[in-house]
Each structure stands twice: as C-alpha cells, then as structure tokens.
Amino acid sequence: MMAELPTGQGRRRLIIFGVVLAASLLLEVVVHLIIGIDVVYSHFFYVPIVLAGIWYGRRAIPVALGLGLVLIAVTWAQSGAVTVSALGRALMFLVVAAVIGLAAERLRWSGPGGLHSTEPEFSPDLGTDDLILALQNRNADTRYEAAVALGKREDPAAIEPLRSALSDPEPGVRWVAMEALGAIGRPALPVLIELLASDDVDVRWGAAIALGDIGDREAVEALAARLEDTDRYVRTRAALALAAIGGPALPALAAVVEGGSAEGRWAAALALGKAGLEEGVPPLSRLLRDGDTGVRWKAAEALGEIGGLAAVPPLITALGDDEGEVREAAASALAGIGAPAAGPLVDALRVRERWFGAVDALRGMGDAARPALLAALERRNRWVRIGAAMILGEAGDERGVDALVAALEDDDAEVRAAAREILTVGLKKEIHNGI
C-alpha cells in the first residue's frame, strides 16, 4: 500500500510549499516585529499564496485567509490596534488567491492535455490534487476519468474525495468512484465498511464488491451482516465478497447457517460454495436438512462446487429429498464430482428413494462412471444390476443390453417388469430414430 502522503510530484510540491510558507512567516516576524518595517514585509506572503493558487487551485483561499489573520494579529501585537491598512492587505490576499486559483483550475480543465482534454486518460504529469479537483468538474466524462485515474494511483489521499463522488448525479461516475476505493485497498476499509450500512442500495452492493476485491478479514463481520440485507443483490454481492476472503469468513458464515433467516442461509450457502473450502462441507450438510426448499437446493449446488469425497455422502442423502428440484441439484452436483462419486452412487441404487437420482447422476457422469457400472453388473442386488445395465445400455454398451435381457428371467416380478419397460423404451427410440 502507498503511504498516507502524496507521492512523486505532489510530495515535492508539498515540501516546496511548506518551505516557502515557513520562510514567509519567519520574514514576517523578523522584518515586522523585530526590525519594525511595516510596508514591504507583507509582500512575502504573496509567494506562498501564488504557489498555492497555481498548484492547488481554490485551496489557496484558506491559505490566504490564514496569512491574512497572521498579518492582522501581528499588526495588533505591534500597534495595539487593527489598522485599515492591515485589513486591506488581508483582503487583497484573498482576492489574489481566488483569482489565481480559479484561473489555474480553468487552465488545467481546458488546456492541452489537461482535465478537459478529449484524450481518454489524463496527462501523467497530473498529480492526485489535480485529479481530486477534476472530480468537481462540470463535465461528467472528466469526473469519470478522474475517478478512474485516482483508482490507478492508489493514493489514500483520494479516499474522502472519492467518497464524496459517490453522490455524483452520473451513475457511471459513482460506480468508478467505488471501484477506485476498492483499488486503494486497505486504507479505504473503514469508509467501505461504513458504506455497507448506507440507505442507498447501490452504495451497499458497490461497497460489498469493493470489499471483496480487497479481501481483508477486517470486513467479515460487516459483510456477514449484509447477508440479511433486504435487497437480494446486496446479499449476493456480500456472499461473494465473503467467499473471496475465504477461511477467515467461515465462522461468521457458520453462525448465519445456524441462526440466520432463510435469505441469510441461502446467501451463506452461496458463499460457502464459492469459497470452495472443504471446511464448508459440514455447515452445507446441515443446510441440506433445512426447512426451506430454496436453501436445500443452494446447499446441494454449493457442495457440488466444493467437490471431493467429503461432499459425496450428504449429496447422496439429498437424492431422497421430497422436492424434485433438490434431488436434481444433488444429482447434478454428484455428476460434476465425477469418478470419486461413482462407487457411492452405485451403492445408492440399492435404496428405492434414491434410485432415480443415482441413475441421473451416473448417467450425467458419462464415461467416468463406466468402470463402476460394469462392476455393478456383477452385484447381487437386483436394482443395482438393473440400474447399471440401463445406463450402460443407453450408452450403447452391449453388456448392459445383455444384462437387461437376462433380467427378463429374474425371480422378482418388479425386476422383470422394469427390464421389459427399459428395453421397450429403448426399442421405441431406435424405431423413432430410424435405426
């Protein structure tokens, strides 16, 4: 991260300005109070005022005001009264600062390579202060490019001006200002965390995205609270931000799993799946028993994203869910896991409530399931054999067809009926396809 002070040209300007200002104040004390000259000394003050106007625009006005007050105070200390002459000179300080400052800003905004240039990016000579001034420009394109440039500079000095730009009338400017805060990184965390509680829904989800880009654990608590946001998109972006943070977010996500609303639990499942950590399997397994169908569906999908052997047992249990969409999500997740899930799925063919889901998962697995299916043709359980035979037969494997034909002589009437139906359906498909 960059330091809190401006860098490059901005730092050099600040040092020069500080030296000139200190010298002017020293000369004021020496020439006016010590030597007693009260005519020429005030001209020293025009040097820092002019420099401030050229470099910092309208910010020269407070500098002029401060020097004017110094002038008045010193005059009073010397003479015991505030003279008309001192007041007039102080007023002239303000006039000079305003004229030079506003003129300098206009030149920067409209001159060649300046802030109003038609070029897509600002001149590299422009410092952070210049870009901050450009955020106040009347031209929306200029404000937009200024926010983009400030994000690239990653200067913490731009945090508060960018925060103010979040109220810009142009949505594009507001968006790039939020992106720029995210690009600044950790120094912008306090502001972004505060913005998560904004009344403006766009600001909340923008802050969540920016915090996800930063990926700092300090934002976990505030992001977890947004999993209960009234806006679905804010909940989603907060969940994705927590997923980007990863392991440090797991305790907060587990707490939402245990005590959050249905919307919060759904968002927590999303985050756990996108995080892709095996430690997320236990809380997602609990969500597969949730009373809300949508939460169970999202948990099944999330377990598929995590993958691995640890996710297989709870997903196989979900193949027996009362709701078809949950069973389909579990089957799809298991198919995505591939070969590691093939053996357990073959075992699941023994359970009537899971049979159809296991078939769908094995079917969706393609060639990855073939070794387990061929081995299943030798299993004692009839429903395991017929399920494996059906899938293999559909894939054009003659061993599957032979097993189905043999099942027509099975002792179990249900098995004979199932084999007959499967073969009949297959024959109808061949006739339909003109084979």
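Mentor: Gladly! Let's begin with exposure: a residue is called buried under 20% relative accessible area, exposed over 50%, and partly exposed in between. Keep in mind that this is a predicted model.

Trainee: Then how does Arg286 count, at 33% relative accessibility?

Mentor: Arg286 has 33% relative accessibility, so it counts as partly exposed. Its salt-bridge partner is Glu258, and their closest N and O atoms are 2.7 Å apart. Glu258 has 54% relative accessibility and therefore counts as exposed.

Trainee: Which parts does the pair of Glu258 and Arg286 tie together?

Mentor: Start with the general idea: side chains of opposite charge can pair when their charged atoms come close. In this case Glu258 sits in helix H13 (residues 250-259) and Arg286 in helix H15 (residues 281-287), so the bridge ties together parts 28 residues apart in sequence.

Trainee: How many salt bridges does the count come to?

Mentor: The count comes to 14 salt bridges, taking a side-chain nitrogen of Lys or Arg within 4 Å of a carboxyl oxygen of Asp or Glu. Another case is Arg265 with Asp290, where the closest N and O atoms are 2.6 Å apart. This pair links distant parts of the chain, with Arg265 in helix H14 (residues 262-275) and Asp290 in the loop between H15 and helix H16 (293-306), 25 residues apart.

Trainee: Are Arg265 and Asp290 buried or exposed?

Mentor: Arg265 is buried, at 16% relative accessibility. Asp290 is buried too, at 11%.

Trainee: What about a pair within one helix, such as Glu301 and Lys298?

Mentor: Glu301 and Lys298 form a salt bridge whose closest N and O atoms are 2.6 Å apart. They are 3 residues apart in helix H16, so about one helical turn separates them. Compare the accessibilities: Glu301 is partly exposed at 31%, while Lys298 is buried at 6%.

Trainee: Which residues are linked in a network of salt bridges?

Mentor: Arg186, Asp216 and Glu218 are linked in such a network.

Trainee: Now to helix packing. At what angle do H16 and H18 pack?

Mentor: For the general idea, angles under 35 degrees count as roughly parallel. H16 and helix H18 (residues 324-337) pack at about 5 degrees, with their axes 8 Å apart, so these helices are roughly parallel to each other. The contact is made by Thr293, Arg296, Trp297, Ala300 and Gly304 of H16, together with Glu325, Val326, Ala329, Ala330 and Ala333 of H18. By class, those residues divide into 6 nonpolar, 2 polar and 2 charged.

Trainee: And how are H22 and H23 placed?

Mentor: Helix H22 (residues 382-394) and helix H23 (residues 398-407) pack at an angle of about 135 degrees, their axes being 7 Å apart. They are therefore oblique to each other, and their crossing is left-handed. On the H22 side the contact residues are Ile386, Ala389, Met390, Leu392 and Gly393, and H23 brings Gly400, Val401, Ala403 and Leu404. Here the classes are 7 nonpolar and 2 polar, with no charged residues.

How values were computed:
Residues are numbered from 1 along each chain as its sequence is written. This is a predicted model: local features need pLDDT of at least 70, side-chain atom pairs count only at pLDDT 80 or more; totals for chains, interfaces and linings use all residues. Side-chain values use heavy atoms; hydrogens and water are left out. Axes are lines fitted to C-alpha atoms, for helices over the stretch in contact, and angles run from 0 to 180 degrees between N-to-C directions. Helices (H or I, at least four residues) and strands (E, at least two) are DSSP runs, numbered from the N terminus. Angles under 35 degrees count as roughly parallel, over 145 as roughly antiparallel, 65 to 115 as roughly perpendicular and the rest as oblique. A crossing is left-handed if the near helix is turned anticlockwise from the far one by less than a right angle, and right-handed if clockwise. Contact means heavy atoms within 4.5 Å. Ala, Val, Leu, Ile, Met, Phe, Trp, Tyr, Cys and Pro count as nonpolar, Asp, Glu, Lys and Arg as charged, and the others, Gly among them, as polar. Buried means under 20% relative accessible area, exposed over 50%, partly exposed in between (1.4 Å probe, protein chains only).
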